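Please read the sequence alongside the three-dimensional model shown here, and follow the strands, their pairings and a few selected side chains in turn.

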Amino acid sequence: MTEKALRSERASRPERVLGSERPLRLGTRRSKLAMAQSGQVAQAVSELTGRPVELVEITTYGDTSREHLAQIGGTGVFVTALRDALLAGEVDFAVHSLKDLPTTQPDNLTLAAVPRREDPRDALVARDGLTFEQLPDGARVGTGSPRRMAQLNAYARGHGRAIQTVPIRGNIDTRIGYVRSGELDAVVLAAAGLHRIGRTDEVTEFLSVDAVLPAPGQGALAVECAAVNVDLAAVLAELDDPYTRVAVTAERSLLAALEAGCSAPVGALADLLADGQVVNEMRLRGVVGTTDGSTLVQLSTTGPVPTSHSDASALGRELASEMLAKGAAGLMGERAL
């Protein structure tokens, strides 16, 4: 039997992980950030089940490749190895950064929970405590994201200045290190990651979403298990936050309808709008742009808070259709195959 066939055969046999006394195994990437956010989920699951949860560290292709994400495709490079471990029965569930997940969910895996979202904004870490508007003309700003490059360049242009966006890879320590060493004037990182590892004191400015829209799903986690483990999926579902779920569903639907991967220059954010204490509407904003920031397509749509996956998806598709009609397709450097 081939390895692929063996994994498929194992995955077809449901293991009653909730009926045994062994620890639940949580698959996670090895980075400090991944371990921190997986540890938070592990604690919550342990409290729900009364069972210990052990972290199983897994190295993904995205962790070992030195190429920039736009070159290696971006989509799935941080999650495939974790999903393979799930289907092989080597781990019981896995935690991903939701923005790293491909927009198509495999039938043999269940997105059991999307916990309450952390801060979705991008954050600037700059030398000398500078904000973005205080950066000098020609400042070198590091980011591995074409989405950030497009919007940061447009933001600078809007203030009559130009910056130089420098592609970088590496963990949070490595990226901030470029600023500390003087190699770069600033770097832009996800605020959520800095919150989760306790590094927000190094942020010199949280960038307004009015200036820089985050990646679809940024700040949210995805808790995934094999579809056959229905008992475990039901328990994990208790971690789900319904507002976060519909928001990121709309954002990822927009991304999918644009036929763009996670390394394309696409930003999206769904805001829940409240009238007093009652949340009654959701606004979805999207942006696509050239990485030099010379051209952006930015649109938004507002409607009732979706009450189902299909309603949230429809909102994303609607906005994507309007963006495509405005020329969004010609602005994306990466198109899904």
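Which residue takes a positive phi in the hairpin of E12 and E13, and how many residues lie between the strands? In that hairpin, Gly293 takes a positive phi near 75°, and 6 residues lie between the two strands. The model is a predicted one, in which local features need pLDDT of at least 70 and side-chain atom pairs count only at pLDDT 80 or more, whereas totals for chains, interfaces and linings use all residues. Residues are numbered from 1 along each chain as its sequence is written, and side-chain values use heavy atoms, with hydrogens and water left out.

The protein chain contains 11 helices and 13 strands, helices (H or I, at least four residues) and strands (E, at least two) being DSSP runs numbered from the N terminus. Of its 337 residues, 52% are buried, where buried means under 20% relative accessible area, exposed over 50% and partly exposed in between, with a 1.4 Å probe and protein chains only. Among the contacts (heavy atoms within 4.5 Å) with a separation of 6 or more, 72% are between residues 24 or more positions apart.

Strand E1 (residues 24-28) runs parallel to E2 and is joined to E2 by 5 bridges, with Val53 in E2 as the bridge partner of Leu24.

Another open sheet of 5 strands, also with mixed pairing, has the order E7-E6-E8-E5-E9. Its edge strands are strand E7 (164-166) and strand E9 (205-206), each of which pairs on one side only. E5 and E9 run antiparallel and are joined by 2 bridges, and Ala123 stands opposite Phe206 in E9. Helix H6 lies across E5, E6, E7, strand E8 (186-190) and E9, running at about 125° to E8, while helix H7 (residues 172-180) lies across E5 and E8, at about 160° to E8; these angles run from 0 to 180 degrees between N-to-C directions, with axes as lines fitted to C-alpha atoms, for helices over the stretch in contact.

The structure holds 1 aromatic pair, a term for rings of Phe, Tyr and Trp (its six-membered ring) whose centres lie within 6.5 Å, with planes under 30 degrees apart counted as stacked, over 60 as edge-to-face and the rest as tilted. Phe132 and Tyr155 form this pair, which is stacked, at 4.6 Å centre to centre and 10° between the planes. Phe132 belongs to the loop between strand E5 (122-126) and strand E6 (140-142), and Tyr155 to helix H6 (residues 146-158), 23 residues apart; both residues are buried.

Returning to the hairpins, E11 and E12 run antiparallel and are joined by 10 bridges, and Gly276 takes a positive phi near 70° in their hairpin, which has 2 residues between the strands. Asp271 lies in strand E11 (residues 266-275) and counts as buried because its relative accessibility is 17%. The side chain of Asp271 makes a polar contact with that of Arg285 at 2.7 Å.

Conventions: A polar contact is a pair of N or O atoms within 3.5 Å; within protein, one must be able to donate a hydrogen and the other to accept it, and residues adjacent in sequence count only if both atoms are side-chain atoms. Two strands pair if DSSP finds at least two bridges between them.
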